[in-house]
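Please consult the sequence and the structure shown below while reading.

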Amino acid sequence: MFMAEDWVDYEVIDTGNGEKLERWGEYTLRRPDPQIIWPIGKETSDWRQADGHYHRSNSGGGQWDFRTELPERWTIKWNDLQFYIKPTGFKHTGLFPEQAANWKWMIDKIQTAGRPIKVLNLFGYTGGAAVACAYAGAEVCHVDASKGVVQWAKENLQLSGLGDRPVRFITDDVFKFVQREERRGNKYDAIIMDPPSYGRGPNGETWQLEENLFPFIKSCMNIMTDKPLFMLVNSYTTGISSTVIKNILSMALTPKYGGSITSGEIGLPITTSGLQLPCGILGRWEA
């Protein structure tokens, strides 16, 4: 498992009974997590006194219950990078802290490449990967279909003091953007993607990870340079093994580029129990 262990402003305090208790800076939040099928060792006062508790609804969705009047948003820091945190209507906070394990890897790859690197961040959400790659010195293109999260990503870049870095923020359908980049002849040295399990395009097109991931990766290869640095694929799709991603990357990229592939789970340490919280899977191809 690839562990994000170097956080100071974030912590998984405890887990159990389908929930996790987390510290985000000076505030604690209690949120559901489908992976947590074990019991709480002991429901301490920390659980009961969480500043915010997200309750799932039996009919789908859910709502927050706040014990403390939280600011509209606040910031947390990872090394030299900073991010805005805000509890949203779908239990999320605008950041996936486990991705710090990938940020650290990407920063190292870019800084040791010995040449200028151009990165494409697809399904980029609020820009954690884009900010990390910009910090490392790469030229970055960040793409997401949601105007709101693209704006959030812009603000995270500014917050980290990187507003002058060469980063393009694009609000667009990711699949159509890749096709247009191919027609325009634009190329990238590194591609990052975090595709959904299921989605629907602007004209009713459907996306299913199991059916569409391999052809999408093949289409992304059409906009990679002759000497690419890496491709990173993240997935939160339950039931898919990381070996599946490894096999797809091996079949798609290895015949053309060689290189090496690693895959596995990505996770976070749990302070109280010493256990590890799995938070998804990844596959990394690197030259």
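A residue counts as buried if its relative accessible area is under 20%. In this predicted model, Tyr257 has a relative accessible area of 17% and is therefore buried.

**Aromatic ring pairs**

- A pair of aromatic rings is described by the distance of the centres and the angle of the planes.
- The count of aromatic pairs comes to 15.
- For Tyr10 and Trp24, the ring centres are 4.6 Å apart and the planes stand at 65°, so this pair is edge-to-face; the cut-off for that class is an angle over 60 degrees.
- Because Tyr10 belongs to strand S2 (residues 10-16) and Trp24 to strand S3 (residues 19-24), the pair ties together parts that are 14 residues apart in sequence.
- Both Tyr10 and Trp24 are buried.
- For Tyr257 and Trp285, the centres lie 5.7 Å apart with the planes at 50°, so the pair is tilted.
- Tyr257 is part of helix H7 (residues 242-257) and Trp285 is part of strand S17 (residues 276-286), so their pairing ties together parts that are 28 residues apart in sequence.
- A cluster linked by ring pairs comprises Trp7, Tyr10, Trp24, Trp78, Phe83 and Trp103.

**Packing of helices H5 and H6**

- Two packed helices are described by the angle between their axes and the distance between the axes.
- Helix H5 (residues 174-184) and helix H6 (residues 209-221) have axes that come within 9 Å and cross at roughly 30°.
- H5 and H6 are therefore roughly parallel to each other, as angles under 35 degrees are classed in this way.
- The crossing of H5 past H6 is left-handed.
- H5 contributes Val174, Phe175 and Val178 to the contact, while H6 contributes Phe216, Ser219 and Cys220.
- By class, the residues of this contact of H5 with H6 are 5 nonpolar, 1 polar and no charged.

**Packing of helices H2 and H3**

- The axes of helix H2 (residues 100-111) and helix H3 (residues 128-136) are 9 Å apart, and the two pack at an angle of about 30°.
- This angle makes H2 roughly parallel to H3.
- H2 and H3 form a right-handed crossing.
- On the H2 side, the contact is made by Trp103, Met106, Ile107, Ile110 and Gln111; on the H3 side, by Gly128, Ala129, Ala132, Cys133, Tyr135 and Ala136.
- The contact of H2 with H3 divides into 9 nonpolar, 2 polar and no charged residues.

Terms used. Residues numbered from 1 in each chain as written. Predicted model: local features only at pLDDT ≥ 70, side-chain atom pairs only at ≥ 80, totals over all residues. Heavy atoms only, no water. Axes fitted to C-alpha atoms, helices over the stretch in contact; angles between N-to-C directions. Helix = DSSP H or I, 4+ residues; strand = E, 2+ residues; numbered from the N terminus. Parallel < 35°, antiparallel > 145°, perpendicular 65-115°, else oblique. Left-handed = near helix turned anticlockwise from the far one by under 90°. Contact = heavy atoms within 4.5 Å. Nonpolar A, V, L, I, M, F, W, Y, C, P; charged D, E, K, R; others polar. Phe/Tyr/Trp six-rings, centres within 6.5 Å; stacked < 30°, edge-to-face > 60°. Buried < 20%, exposed > 50% of the residue type's maximum accessible area, 1.4 Å probe, protein only.
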